[in-house]
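Morning, everyone. Please have the sequence and the structure open while I talk. I'll start at the interface and then move to each chain.

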Amino acid sequence: MNPATHVQNLVWNSIWNAINLGLILIDDQGVVVLWNDWVSEHSGITEKQAVGQTLESLFTDGLGASFKIAMQNALTYKLPVVLSSILHRSPLPLYPLPCTRKKQQARIHQSVSLTPIITPDGTHQCLIQITDTSVSFTREHMLKLHSKQLSIDATTDGLTGAYNRRYFNERFKAEFGRVNRQGTPLALLMLDIDYFKDYNDFYGHPAGDRVLIRIVELMKSQLNRTTDVVTRYGGEEFAILLPDCELEGARAVAQKIQHAMLKLNIPHAKSNAAGRVTLSIGIATHSVNSNCDAHLLLNTADTALYTAKHEGRNRIRYLLTQNEMSKDTAYLIDAGL
Amino acid sequence: MISLSELHTDALCEIFNIGAGRAASSLSEIIGEEVQLSVPHVQIFPSSEIQAQKLPLDSARVGAVRQHFSGPFDAIAMLLFTEERALEIVRDMMGSHVSLAELAEFEQDAMCELGNIILNACLSAMADLLGLTLQSTLPQYTVDSPEFLLQNITGEIDQPVMMALHIDLTIEKRQTQGCLVFLLSTSSLKEFLSHIDAFITGI
């Protein structure tokens, strides 16, 4: 070898080992020809141990099935193959530094590509490149956690943990659309704490906050289905969406909540409705035949709530939403209290 | 102008469907779900008709995986799906627990692999049946308008001809249409067809 070529080879060798990427060169029989420092460090197998061996014999603790197939394909058809980290994660037993090769050490996430190479003498070899994608996986995981927290924050009420008005608006629209598409009914309950301003004035805001929290807990505990939604609609006003639920079901839920309120028995010295904290509840329902839009359903439930308040509070009222019904169709529901 | 005989079209469909079968079994192994892949239709377009409207892609933006291959004939192979479809496919491949937003980071990686599997399967079927060896570059993934993608590659080829294959891909019972486009020079197409002729005669 002439001295210039020798120097050039040393330079190439240094570059090969300096690259921050795993590089393995195998011949057409799958035998290792070259093995760079990156691979040595992350596998715990030196170049000296590796050269002349097959990858199967070197990585006795597990060469992914997908990697074996990819290598076979690359060697047979001389076509380049990529293995994405998202679909394969860790095809080769390579570990973070310091590499201990112990079973409990988790493999690094990898993105692998296999490129066939034709040497000057016409034989085929295959270059395996391994990129460590652990950093982007960690980043992705962190972003996912953050985004989950943000979406919780954006849709829930910080004090009570109930869904907020923004969530209600979206969900209400979606559930309303479902009625028209799937023909299932929808019930809406609007609930308001009676004389809550007087409660706050008399017992103080921290006590008022505790009442709000306890009432949300109570409402959630009275709902059995995961599709039922409790939202804090305003200060002391709540809305409950009951998908696939008709008047009978909605009334049963409202009555259960009233009974639970009675049992909870939070004293309220300034209430004219009872000596304890009580709720007024308005109900409206919608079915595919009820000729109603989302705005009208919401208004109807609100009017039902207003009627309950107007008639003395601590009661449940239901109003029909149909446009054709006249004003005097307020149906009184005996809460049984 | 070069046109395909019925025999040519049949032979091409056969070759690509064998490739599609191989790709489907590789994909099934990775995903652990049944994957069906078929190529129902092959068409050739002369240079003047290389337009995005000729492709069954109803979208302003498409995801394209592209490999340049060479051998007895040279071509640029490009697998195209509409952008939304591409995301859905990747999501199906990774399992439905992955959200679309989360996909962005891995979309490129996973689409490259999907395209690589389908393109390699078609190229290897071609190599096996036509008895030849092909080389190829690593796959590249780009998202752009179909017009731009076609313009971009036709500029690289002398007297280009486009061979377009419709692709039906079904993962987890969800069906997706895409297309596989080969852009070849007229002389490469002639060379390719002479191999097809030899294959037909050999049957």
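First, the contact between the two chains. Chain B puts 22 residues into it, and chain A puts in 19. Keep in mind that this is a predicted model.

Stay on the side of chain B that touches chain A. Which one gives the largest share? That is α3(B), with twelve residues. By type, this side of chain B has eleven nonpolar residues, seven polar and four charged.

Now chain B as a whole. There are five helices and seven strands in chain B. Walk along the sequence and the order is α-β-β-β-α-α-β-β-α-β-β-α. Of the 203 residues in chain B, 45% are buried. Next, the contacts in chain B with a separation of 6 or more: 70% of those link residues 24 or more positions apart.

Over to chain A, and three of its strands. Look at β4(A), residues 110-118. On one hand, β4(A) runs antiparallel to β3(A), residues 81-83, and three bridges join them. Within that pairing, V81(A) has L114(A) as its bridge partner.

On the other hand, β4(A) pairs with β5(A), residues 124-132. That pairing is also antiparallel, over nine bridges. β4(A) and β5(A) make a hairpin, with five residues between them. Find G122(A) in the turn: its phi is positive, about 90 degrees.

That's my tour. Questions, please.

Key
Residues are numbered from 1 along each chain as its sequence is written. Chains are lettered from A and ligands numbered from 1 in the order in which they are written. This is a predicted model: local features need pLDDT of at least 70, side-chain atom pairs count only at pLDDT 80 or more; totals for chains, interfaces and linings use all residues. Two strands pair if DSSP finds at least two bridges between them. Helices (H or I, at least four residues) and strands (E, at least two) are DSSP runs, numbered from the N terminus. Two residues are in contact if their C-beta atoms, placed from the backbone, lie within 7 Å. Ala, Val, Leu, Ile, Met, Phe, Trp, Tyr, Cys and Pro count as nonpolar, Asp, Glu, Lys and Arg as charged, and the others, Gly among them, as polar. A residue is buried if 20 or more other C-beta atoms lie within 10 Å of its own, exposed if 12 or fewer, and partly exposed in between; C-beta atoms are placed from the backbone.
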